Amino acid sequence: MPLDPIAMTPIGVIHTPFLQTRDTPIQPLGGQGVRGSIVLDPAYADGLADIDGFSHLTLVYCFDRIRAPALRVVPFMDTQERGIFATRAPKRPNRIGLSTVRLLAVKGCVLEIEDVDMLDGTPLLDIKPFYPRYDNRQDVRIGWLERAKDLPVEQLRADGRFAD
């Protein structure tokens with residue numbers, strides 16, 4: 001049975017120094033120290049109450065420049081084709097991205113952030129506070145990424161393989 005479509009409206013825009021996919025960090029650790037900002041739609045300003053008490057935020061956003069999703073991809077840090085749901089590649093059916101960033105300051109509807117790995121102008125769908133007790137796990141298996149676990153993710157950059 002087909003599922004009904006879900007419509008989402010961005011709550012703001014993420015600004016970063018990254019204008020194109022190539023050379024953009026592939027994870028927030030790769031963007032360590034790189035600053036950006038979120039400009040929240042003023043209609044959602046009241047939702048920022050108490051957010052300044054958190055050091056990190058998890059951002060849910062749209063990979064808006066992906067035009068053609070794929071169910072199988074060759075992910076970064078690998079040379080073998082994998083199922084999209086076994087990767088963090090951006091060519092996802094619903095184009096949803098997820099990154100945890102450091103919150104530096106809140107100035108009205110502008111949040112200054114750090115450790116960014118998304119493109120400038122990325123539509124923001126949601127903000128969630130990062131809470132280590134909920135968001136970290138012990139005794140995990142990491143599938144095919146086990147072979148890549150020692151790669152210097154802080155230095156890895158996108159190579160354009162997912163640019164449409």
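**Close-ups of strands, salt bridges and a pocket**

R102 is partly exposed, with a relative accessible area of 33%. On this scale buried means under 20% relative accessible area, exposed means over 50%, and partly exposed is in between (1.4 Å probe, protein chains only). A quick word on the model: it is predicted, so local features need pLDDT of at least 70 and side-chain atom pairs count only at pLDDT 80 or more, while totals for chains, interfaces and linings use all residues. Residues are numbered from 1 along each chain as its sequence is written, and side-chain values use heavy atoms, with hydrogens and water left out.

**View 1. R35, R102 and E114 are linked in a network of salt bridges.** A salt bridge here is a side-chain nitrogen of Lys or Arg within 4 Å of a carboxyl oxygen of Asp or Glu. E114 meets R102 with the closest N and O atoms 3.9 Å apart. E114 sits in strand 7 and R102 in strand 6 (residues 96–107), so this pair ties together parts that are 12 residues apart in sequence. Now look at the other partner: the side chains of R35 and E114 also form a salt bridge, at 3.6 Å from N to O. R35 belongs to strand 2 and E114 to strand 7 (residues 110–114), so here the parts being tied together are 79 residues apart in sequence. Is E114 buried or exposed? E114 counts as buried, at 15% relative accessibility, whereas R35 is exposed, with a relative accessible area of 53%.

**View 2. E81 and R72 meet in a salt bridge.** Their side chains come to 2.9 Å, N to O. E81 counts as partly exposed, at 42% relative accessibility, and R72 is exposed, at 51% relative accessible area. How many salt bridges does the structure hold? There are 7 salt bridges in the structure.

**View 3. Strand 2 pairs with strand 1 and with strand 7.** Strands (E, at least two residues) and helices (H or I, at least four) are DSSP runs, numbered from the N terminus. Two strands pair if DSSP finds at least two bridges between them. Strand 1 (residues 12–15) and strand 2 run antiparallel, joined by 4 bridges. Strand 2 and strand 7 are antiparallel as well, over 5 bridges. Pick out I38: its bridge partner is I14, and I38 also stands opposite L111 in strand 7.

**View 4. S37 sits in strand 2 (residues 35–40).** S37 stands opposite E112 in strand 7. At 17% relative accessibility, S37 counts as buried. Which residues does S37 touch, not counting those up to four places away in sequence? S37 touches V13, I14, H15, V110, L111, E112 and I113, where contact means heavy atoms within 4.5 Å. A handy rule to keep in mind: in a regular strand the side chains alternate between the two faces of the sheet.

**View 5. Strand 6 and strand 7 form a hairpin.** The two strands have 2 residues between them, and G108 in the turn has a positive phi of about 65 degrees.

**View 6. F162 is buried in the segment after helix 1 (132–135).** The relative accessible area of F162 is 4%. F162 and F76 are 86 residues apart in sequence, and their C-alpha atoms are 9.6 Å apart in space. Leaving out residues up to four places away in sequence, F162 touches I66, V73, V74, P75, F76, A89, P90 and K91.

**View 7. The second largest pocket holds about 290 Å³ of space.** A pocket is an open set of points on a 1 Å grid over the protein atoms alone, where a 1.4 Å probe fits, with protein on both sides within 12 Å along at least five of seven lines; lining residues have an atom within 4 Å of a point. Grid points are joined across faces, edges and corners, and the volume is the space filled by probe spheres set on the points. L3, D4, I6, M8, P10, C62, N94, R95, I96 and L125 make up the lining. By class, that lining has 7 nonpolar, 1 polar and 2 charged residues. Ala, Val, Leu, Ile, Met, Phe, Trp, Tyr, Cys and Pro count as nonpolar, Asp, Glu, Lys and Arg as charged, and the others, Gly among them, as polar.
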